[in-house]
Amino acid sequence: MTTSAQSTASQAGQQHTISIEAQDRPATVERLLRVIRHRGYRLCRMAVESSQEDERIALSVTVASDKSVVLLQNQLSKLVDVSSVEITSAETNPLRISA
Amino acid sequence: MTGADLVVQTLANLGVKTIFGYPGGAIMPVYDAIHRGDIDHILCRNEQGAALAAVGFARACNDVGVCLATSGPGATNLITGLADAMLDSVPVVAITGQVASPLIGTDAFQEVDVLGLSLSVTKHSFLVESASELQSTLEEAFILARSGRPGPVLVDIPKDIQVAALLGGPASADAEPAESIADEPLEQAAALIRQAKQPILYVGGGVGMAGPQAVAELRRFAEQTGIPSIVTLKGIGTVEDSRDYHLGMVGMHGTKAANLMVQESDLLIVAGARFDDRVTGKLDTFAPNASVVHFDIDHCEISKLRHAHVGLLGDLTDGLKRLGAKLAEQPGEDLSPWQQRALAEKAQHQWRYDKPGESIYAPKLLKLLSEQLPTDSVVACDVGQHQMWVAQHMSFSLPYNHLSSGGLGTMGFGLPAAIGAQYSRPDATVVNVTGDGSFMMNVQELGTIRRYGLPVKILLIDNERLGMVRQWQQLFFDGRFSETILSDNPEFVTLASAFGIAGRTITRDDELQQGISDLVNSQGSYLLHVRIDAEENVWPLVPPGAANQQMMETAE
Ligand SMILES: Cc1ncc(C[n+]2csc(CCOP(=O)(O)OP(=O)(O)O)c2C)c(N)n1
Ligand SMILES: [Mg+2]
């Protein structure tokens with residue numbers, strides 16, 4: 001695997017939309033939001049859909065940062081409850097990481 | 001049986017023999033089960049001590065350490081130990097009692113939102129919501145703690161679940177095996193290594209955590225390729241100090257040879273290290289001309305702080321073996337000029353121990369201690385100048401023998417970590433090297449040593465100062481020694497004697513040999529209290545914001 005932080009670095013404050021799928025457990029959403037804040041991304045928009053039957057939760061978050069969004073994608077995909085993190089905004093190629 | 005019995009039985013079924021903890025209301029059913037079960041519970045004297053003992057236990061044997069606490073204040077006291085485990089990637093499972101499920105969210109007595117509190121200091125955490133998921137949650141906690149990049153996992157168990165009637169079954173929680181590294185990046189890595197004229201092998205704590213086989217494989221790789229090596233604080237013990245081309249520790253208090261040569265390297269082969277700021281100095285000046293080949297088990301570390309030209313994600317032992325095979329087939333550049341450089345830098349910048357005067361020179365003390373300890377001894381240090389002197393002047397045959405709080409820099413780490421290590425390595429000599437500041441941070445654990453008659457040895461290096469902070473005040477705050485003078489320290493030997501621990505104080509160089517011999521040869525626990533000059537500093541020092549070649553060597 002060759003990843004480059006520099007080549008995918010976004011411009012200052014550039015927005016990216018990320019789709020996250022996760023198991024719906026106590027604190028799943030807090031965990032995601034904590035990582036977004038702590039790793040240096042500003043939350044601009046968020047939509048959450050959870051379905052009780054299959055204990056899944058889907059989030060769409062739009063974040064802004066001058067850091068590469070791939071670094072955030074990596075950190076989010078590392079969370080135990082998270083099953084996939086997809087960058088869906090037009091600025092970058094869709095890139096899917098399965099956790 | 002009850003949920004509490006299931007907790008104890010599951011731990012026993014997972015092979016846990018020793019846990020460290022402290023009882024209280026919301027965990028009483030589990031303590032009742034411990035009373036009838038067959039696990040050794042070690043009562044520490046503060047939950048922070050229990051958590052750090054679990055860390056020491058885990059680090060000394062490279063497997064999971066377990067700690068236990070009640071809700072509220074018990075759980076909050078655990079937090080520092082969990083943060084320590086988080087930043088040093090130590091596999092720890094923490095079990096906390098919680099108020100009964102119907103009371104959660106009512107501000108009940110000793111209710112704290114431990115799940116919320118745990119988020120930033122654990123790899124993962126669970127609140128057990130139903131009795132039926134108790135056993136699987138515990139198994140999952142062990143699997144997570146020891147798989148991939150290890151870390152602390154917390155399981156919060158409400159009291160009603162501890163008393164629920166349950167059926168348990170056989171338990172298992174093996175680590176998930178690491179995936180093997182793909183061939184293409186290994187080929188790319190081999191190509192970069194073949195071109196390199198000035199490569200450096202940059203070795204971190206991840207190698208030891210990948211297991212003794214990874215340590216052996218890394219040593220073999222170093223031997224085969226002849227590439228000069230450097231280690232981080234947590235990598236100490238991974239490469240043999242006797243290796244000719246080993247330059248020692250890199251970074252803020254690293255060796256001159258390591259810091260000078262890493263800056264000139266054209267290729268960094270990183271193994272289980274993470275470009276921490278204490279290693280790199282000013283990040284964009286670190287090894288400015290080097291390409292990077294980075295082995296790690298955590299994909300987040302690849303290109304996190306420094307762009308990796310090749311990222312090698314997965315099983316380190318197998319990856320090193322295959323990379324070594326590729327290089328054996330087609331070796332690279334002749335490294336002898338670079339190797340000669342390594343020998344010359346090492347020779348030119350050897351440590352000196354011939355300090356004039358009557359007083360005790362701490363580096364010499366630690367060097368002598370290192371020479372007199374059996375090779376499989378464990379040293380758990382605290383945080384400060386003495387910790388850096390241990391890293392610089394003691395020699396370790398394996399990373400599991402040097403327990404030092406690297407990522408969090410937790411004062412008070414050493415004594416409980418030494419206690420934990422004494423349980424996972426009962427036959428080893430275990431020494432806590434501490435400072436007069438750090439010792440007082442978890443001094444209550446002398447009670448644990450007394451209770452269980454542990455032979456833990458304590459070397460207290462007393463400069464009557466919070467020395468590391470004092471050093472920075474001297475160098476960077478114009479000598480304003482704000483709140484770092486500890487001339488009112490207690491009588492340490494008397495203090496130890498209150499816990500039935502023998503000891504003595506030494507102050508002069510001519511007392512060194514006898515003092516060390518008393519410490520090393522004592523039957524039970526022993527405190528060697530060593531007075532040193534307050535003004536002694538740790539050198540070299542890469543000042544904050546500087547590049548690694550810009551080391552200070554005196555205060556002038
Ligand atoms: C819990 C905690 N509080 C504060 C610090 C900041 N700190 C780092 S080193 C140090 C001084 C340590 O003094 P001592 O244990 O006597 O060691 P010395 O440097 O004198 O060898 C302090 C206060 C810390 N690392 N950990
Ligand atoms: Mg001190």
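Reply: The N-terminal end of α13(B) is capped by B:D315. A side-chain oxygen of B:D315 lies 3.2 Å from the backbone nitrogen of B:T317. That is a polar contact: a pair of N or O atoms within 3.5 Å; within protein, one must be able to donate a hydrogen and the other to accept it, and residues adjacent in sequence count only if both atoms are side-chain atoms.

This is a predicted model, in which local features need pLDDT of at least 70 and side-chain atom pairs pLDDT 80 or more, while totals for chains, interfaces and linings use all residues. Residues are numbered from 1 along each chain as written, chains are lettered from A and ligands numbered from 1 in written order, and side-chain values use heavy atoms, without hydrogens or water.

Helix α13 of chain B covers residues 316–329, 14 residues in all. Helices (H or I, at least four residues) and strands (E, at least two) are DSSP runs, numbered from the N terminus. From first C-alpha to last, α13(B) reaches 20 Å, close to the 20 Å expected at 1.5 Å a residue. The expected span is 1.5 Å times one less than the number of residues.

Which residues of α13(B) are buried? They are B:L316, B:T317, B:G319, B:L320, B:L323, B:G324, B:K326 and B:L327. Buried means under 20% relative accessible area (1.4 Å probe, protein chains only); exposed is over 50%, partly exposed in between. An α-helix has 3.6 residues a turn, so residues three or four places apart point the same way. The cover over the buried residues includes α8 (183–195), α9 (205–209), α10 (212–225) and β11 (291–296) of chain B. Cover here rests on contact, heavy atoms within 4.5 Å.

Now ligand 1. It has 17 residues around it, and B:Q385, B:G409, B:G437, B:S438 and B:G467 come nearest. A residue counts as near if one of its heavy atoms lies within 4 Å. A backbone N or O atom of B:Q385 is 2.8 Å from a ligand oxygen. A polar backbone atom of B:G409 is 2.8 Å from a ligand nitrogen. For B:R465, a polar backbone atom lies 3.0 Å from a ligand oxygen. Alone, ligand 1 exposes 580 Å², and the protein buries 76% of that. These areas come from the Shrake-Rupley method with a 1.4 Å probe; for residues, only the protein chains shown count as cover. The elements giving two or more residues to the shell are α16 (385–393), α18 (436–439) and α20 (467–476) of chain B.
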